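This report looks at pairs of charged side chains. Please have the sequence and the model open while reading.

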Amino acid sequence: GLRFGTDPKTQARLDDVLCASAASSPDGLPLLQYCLEELYRLRTDAGELSFEALHQVGGVEGAIARRAEQVLAQLNDAQHAALAHVMSLVVLLSTNEETVTRRRAPWSALRSDAEREVVAALVESRLMVSDLSGEIPSFGIAHEAILRRWPRVRDWIETHRGALLVRARLAQLAARWLAE
């Protein structure tokens, strides 16, 4: 029962615009997935995914960042302060300092209600996922594209690059020590 809208100015079909935008980005599929979820959430009563909604969510490239900032706007000061520790649990920097990736963290690593509330809000908005890692309840970033496309997280990574690198090197050395 869904249909894609047509731009009244250019007569371009929304599905064609979405495909072209996703094809031009290395993060195309996760960005498209998130954008389509947002377009579905904002569909018209007649079931149309519209250009108006696409502009409202920030396009394929901006949908994740815009939604993340909307979620953060609803948080209180304690929850905002808790975001840094949450990010430190799920962001991983390679020892060569080139690759930033995500990892899972156990819910038990969260130290406060504010941290649990931040993760719950991000899970509810599908920016993070929660599942079992083995038998342990865990959470993590839904898509690595979030690490590259959300300016707040990119800035946090750059600010904490040194600490992330130290943690990566310590993890590598600890794994080597355990193996030997």
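Is R102 buried, partly exposed or exposed? R102 counts as partly exposed, with a relative accessibility of 33%; buried means under 20% relative accessible area, exposed over 50%, and partly exposed in between (1.4 Å probe, protein chains only).

The model is predicted, so local features need pLDDT of at least 70 and side-chain atom pairs count only at pLDDT 80 or more, while totals for chains, interfaces and linings use all residues. Residues are numbered from 1 along each chain as its sequence is written, and side-chain values use heavy atoms, with hydrogens and water left out.

Side chains of opposite charge can pair when their charged atoms come close. A salt bridge is a side-chain nitrogen of Lys or Arg within 4 Å of a carboxyl oxygen of Asp or Glu. The whole structure has 14 salt bridges, including these:

| Salt bridge | N to O distance |
|---|---|
| R41 and E38 | 2.6 Å |
| E61 and R149 | 2.6 Å |
| E144 and R102 | 3.9 Å |

E144 lies in the loop between strand 7 (136–141) and helix 7, and R102 in strand 4 (residues 100–102), so their pair ties together parts 42 residues apart in sequence. Helices (H or I, at least four residues) and strands (E, at least two) are DSSP runs, numbered from the N terminus. E144 is partly exposed at 26%.

R41 and E38 both lie in helix 2 (residues 28–41), 3 residues apart, about one turn of the helix. E38 is buried at 6%, whereas R41 is partly exposed at 44%.

A network of salt bridges links D27, E61, R148 and R149.
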